[in-house]
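User: I am new to this structure and would like to learn how to read its main features. Please take them one at a time.

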Amino acid sequence: MIKNLFHIRAKVWLWQGVNPWHLVTIPHSQSAEIRRRFGAMEGGWRSLPVNVTIGQTRWKTSIFFDTKRGGYLLPLKADVRKSEGISDGDMIRFLLEIRV
């Protein structure tokens, strides 16, 4: 495994705010490893720049550490969900690359 690549399996959930977002919480063990190794690079809102690959879709975004959930959150854009047929409640697999 390359040091900044993580294979992740997690469930999609819907954050019910003023503008709802589909999110994935990266599992605690992987979030802890990411934070231990890359936390010093965090920017505003405890964000880290990443590349994400789900199926045939690859894009640049950021993950955000959520202290309430104890893990990083990955937002899923509507065009990604549509391209890959992803809905609230789905268990998905994706490749996360921390951009260092």
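User: What does the accessible surface of the protein come to, and what share belongs to carbon and sulfur atoms?

Analyst: Accessible areas come from the Shrake-Rupley method with a 1.4 Å probe, and for residues only the protein chains shown count as cover. Here the accessible surface is about 6100 Å², with 52% belonging to carbon and sulfur atoms. This is a predicted model, in which local features need pLDDT of at least 70 and side-chain atom pairs count only at pLDDT 80 or more, while totals for chains, interfaces and linings use all residues. Residues are numbered from 1 along each chain as its sequence is written, and side-chain values use heavy atoms, with hydrogens and water left out.

User: How many helices and strands does the secondary structure have, and in which order do the elements run?

Analyst: Helices (H or I, at least four residues) and strands (E, at least two) are DSSP runs, numbered from the N terminus. This protein has 2 helices and 6 strands, in the order β-β-α-β-β-β-α-β from the N terminus on. Its radius of gyration, taken over C-alpha atoms, is 13 Å, close to the 13 Å that the globule rule (2.2 Å times the number of residues to the power 0.38) gives for 100 residues, so the protein is as compact as a globular protein of that length.

User: Which residues have the most contacts inside the largest nonpolar core?

Analyst: In soluble globular proteins, nonpolar side chains tend to be buried together. A nonpolar core is a set of buried Ala, Val, Leu, Ile, Met, Phe, Trp, Tyr and Cys residues joined through side-chain atoms within 4.5 Å; buried means under 20% relative accessible area, exposed over 50%, and partly exposed in between (1.4 Å probe, protein chains only). The largest core here has 24 residues, and Ile34, Ile54, Ile63, Leu76, Phe94 and Leu96 have the most contacts inside it. At least two core residues come from each of S1 (5-15), H1 (28-38), S3 (47-54), S4 (57-66), S5 (71-76) and S6 (91-98). Leaving aside residues up to four places away in sequence, Ile54 touches Leu76 and Phe94, among others (contact means heavy atoms within 4.5 Å).

User: Where is Trp45 found, and is Trp45 buried or exposed?

Analyst: Most residues other than glycine have a negative phi. Trp45, in the loop between H1 and S3, has a positive phi of about 60 degrees although it is not a glycine. Trp45 counts as exposed because its relative accessibility is 77%. Arg46, found in the loop between H1 and S3, has a positive phi near 55 degrees and is partly exposed, with a relative accessible area of 40%.
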